[in-house]
Amino acid sequence: MNETKEELPKDFGLLLPKIIASPPGPLSRDFITRLAATECPAITARRARRQHETGVNQDPIVWTHALGANIRDADGNIYVDLSAAFAVSGLGHRHPRVAQAAHSQVDRMIHAMGDVFPSDVKIEFSEKLAQIAPGDLQESILGLSGADAIGAALKTAAIHTGKSGVIAFWNGYHGLGHGALSVTAYRKSFREPFLSQLGRDVFHVPYPNPARPPFGLQGAAPETIRDAVLTHIRSMLSEPATGAEGIGAIIIEPILGRGGEVVPPEGFLQGLREIADEFSLVLIFDEIFTGFGRTGKTFACEWEGVLPDILCVGKALGGGFPLSAAIGRPHIMRSWGTSSGESVHTSTFLGNPLGCAMGLAFLEEFKEGDWANRAQKLGEMMYQDLSTLRSPSISDIRGRGAMLGVEFIKSDGSPDGARGLQICSELLAKGFICLPSGAWGHVLGLSPPFVLSEEQWKSFFHTLQNCIEKADLSR
Ligand SMILES: Cc1ncc(COP(=O)(O)O)c(C=O)c1O
C-alpha cells in the first residue's frame, strides 16, 4: 500500500462521490488479476469470471481507505457507501472512538487465551453486552463471525431441549459455516453440494412475506398471511407424521436482511413466542443484521416487544472487527452445565482482546450517542424520498429504520434480478456503493452508515431516480 493518510481529501467521510477512473479502474483491475491467482474462485475471483458470461466487467473495486460514509478505492475514486459494508459500519467507517480503543489495546495486548486465561477487556465487554441486551438475556458465548453465533445458539438449544431439530425460514440467511448453513435457506446453490454434511433435522417453512406471500395468498391482508404461517407451524408441531417431536428450536431473522428487507406482519414474532412457549422450544432471533440500531431501535424485536430465548448479534458489534455473540437467558445457557476440565465450546480467538476493546468502545458509543434514534431519523428521510419513486418496475418499498429495500419486478410481475444487479452497477459507476438483496437479487438493499449526511443521501437519491428512469426507457 503506497497511499498515506495525508493524501486523503479534506472532509473525507462527508464527501460526495468523485470518480476519476471509471470503476473498476486500472489499479483495481490489476489487484483483482493478482487476487484471482491466489484466492479460491468461490470468493472474489468468481465475479471476474462472470465477465466472460455477461460481457460486462464485473471486477470489484479494491478499497484502500474508509471513513464515515466514504470509501476510497485503489484508483483514487471516492464513493458514498449505502451498504455500511454489509451493515457493519453503522456508526460510520472507522469511528474515532472505536479506532482509538483499538490503538490503545494494540499498545497493551492483542491476543489472550479466550476461555483458559481471558483478558480483562473481554470481561468488561461481556458485562456491557449484558447491560445492553434486552430483558434477561444476560449470558453470552462470543464468536468471530455471525455464523459462529448461530452455531453457538443452535448448539445451546440442542443442549437445553435434548432435541436437535430446528424450524427455520425460507429466504433466511444465517451464514455459511456448517451449523448456520443448515438453517440458511437463501440460495439453493449455497447448500446443495453440502447437503449430506448438514444437520438433517431442519424444517424450513415460508417466511410471511407480505409482498410475496406463501400458500397462494397473493393480495391477502398481512394478518391473514401471518395467521396462515403460524397455523402451518402449529400443525407441523402437532402432527406426528412430520417428525416434529425432534424439534427443539425456532430460528428467525425478525426482518429478513439478505433475503430482501422483508418485515413480517405485525404480531408474527409474538405468535412465534407463543408457539415456542407452548411447545417448549428455544426461540432464537438472528439480529446479526438488524441489531444495534439498524432498524431504529437497539434491536428489531423491540418493535414488537417480543423477547427471544437467545439473541444472535454480530456485524456492527465489533465496530468493524469480527466479533459476534449468542446471548441467552441464564436458565438456558446454564443447560451446558459446568465444564469438567475442558471447555466444550470454545475457539482460539474467542473473546480476542482487540475485538473486545473495539466492541466495548462501540457499545459505549452506541448507547451514549443515541445512535438508534439517529438511524431512525435517517431512515425516515430515506423512506420519504423512496416512496415518491414512480416506476412500473418497482413493486415495493419496504423495511424499517435505516434498513430499506426497493423491489424490482418484470412486466409479468416476477422478480427482476437483472434489474437489481444493473441498478447496483450503474450506481457504482456513479460512485455509490449498494448491494442487491433478495433471493433473485431483485431488491436494491439500503443499509447505510447512520452518519450519512442529508447531502450525500439527496445526491444518491437523484442518481437512483435517473438510473431507474433510464432503465425504464430501455424496458
Ligand atoms: C441475518 C444474518 N445472520 C447471519 C449472517 C452471517 O454472518 P457472517 O457472514 O458474519 O457469518 C448474516 C450475514 O450477512 C446475516 O445477515
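**View 1. Strand 4 gives the most residues to the lining of the second largest pocket.** This close-up comes from a predicted model. Strand 4 supplies four residues to the lining. The second largest pocket is lined by 20 residues in total. Two elements give two or more residues each to this lining: helix 5 (120–132) and strand 4 (139–143). Look for Ser140, Ile141, Trp336, Ser343 and His345, which lie nearest the centre of the pocket. The volume of this pocket is about 620 Å³. By class, its lining holds seven nonpolar, nine polar and four charged residues.

**View 2. The largest cavity has a volume of about 50 Å³.** Rolling a probe the size of a water molecule over the atoms shows where empty space is left. A search of the whole structure finds one cavity of 30 Å³ or more. Which residues line the largest cavity? They are Pro254, Ile255, Val263, Pro264, Leu269, Ala300, Glu304 and Arg400. Six residues of this lining are nonpolar and two are charged. No polar residue takes part.

**View 3. Cys424 and Cys434 form no disulfide.** A disulfide is a covalent bond between the sulfur atoms of two cysteines. The structure holds zero disulfides. The cut-off for a disulfide is 2.5 Å between the sulfur atoms. Seen from Cys434, the nearest cysteine sulfur is that of Cys424. Is Cys424 buried or exposed? Cys424 counts as buried because its relative accessibility is 8%, and the cut-off for buried is under 20%. Cys434 is also buried, with a relative accessible area of 8%.

View 4. Strands of a sheet pair through backbone hydrogen bonds, either parallel or antiparallel.

**View 5. Strand 14 pairs with strand 15 in the antiparallel sense.** How many bridges join strand 14 and strand 15? The two strands pair over three bridges. Strand 15 covers residues 443–446. Find Pro436 first. Opposite Pro436 stands Leu444, in strand 15.

Definitions and conventions
Residues numbered from 1 in each chain as written. Predicted model: local features only at pLDDT ≥ 70, side-chain atom pairs only at ≥ 80, totals over all residues. Heavy atoms only, no water. 1 Å grid on protein atoms, 1.4 Å probe; cavity = no way out; pocket = protein on both sides within 12 Å on 5 of 7 lines; lining within 4 Å. Points joined across faces, edges and corners; volume = space filled by probe spheres on them. Nonpolar A, V, L, I, M, F, W, Y, C, P; charged D, E, K, R; others polar. Buried < 20%, exposed > 50% of the residue type's maximum accessible area, 1.4 Å probe, protein only. Pairing = 2+ DSSP bridges.
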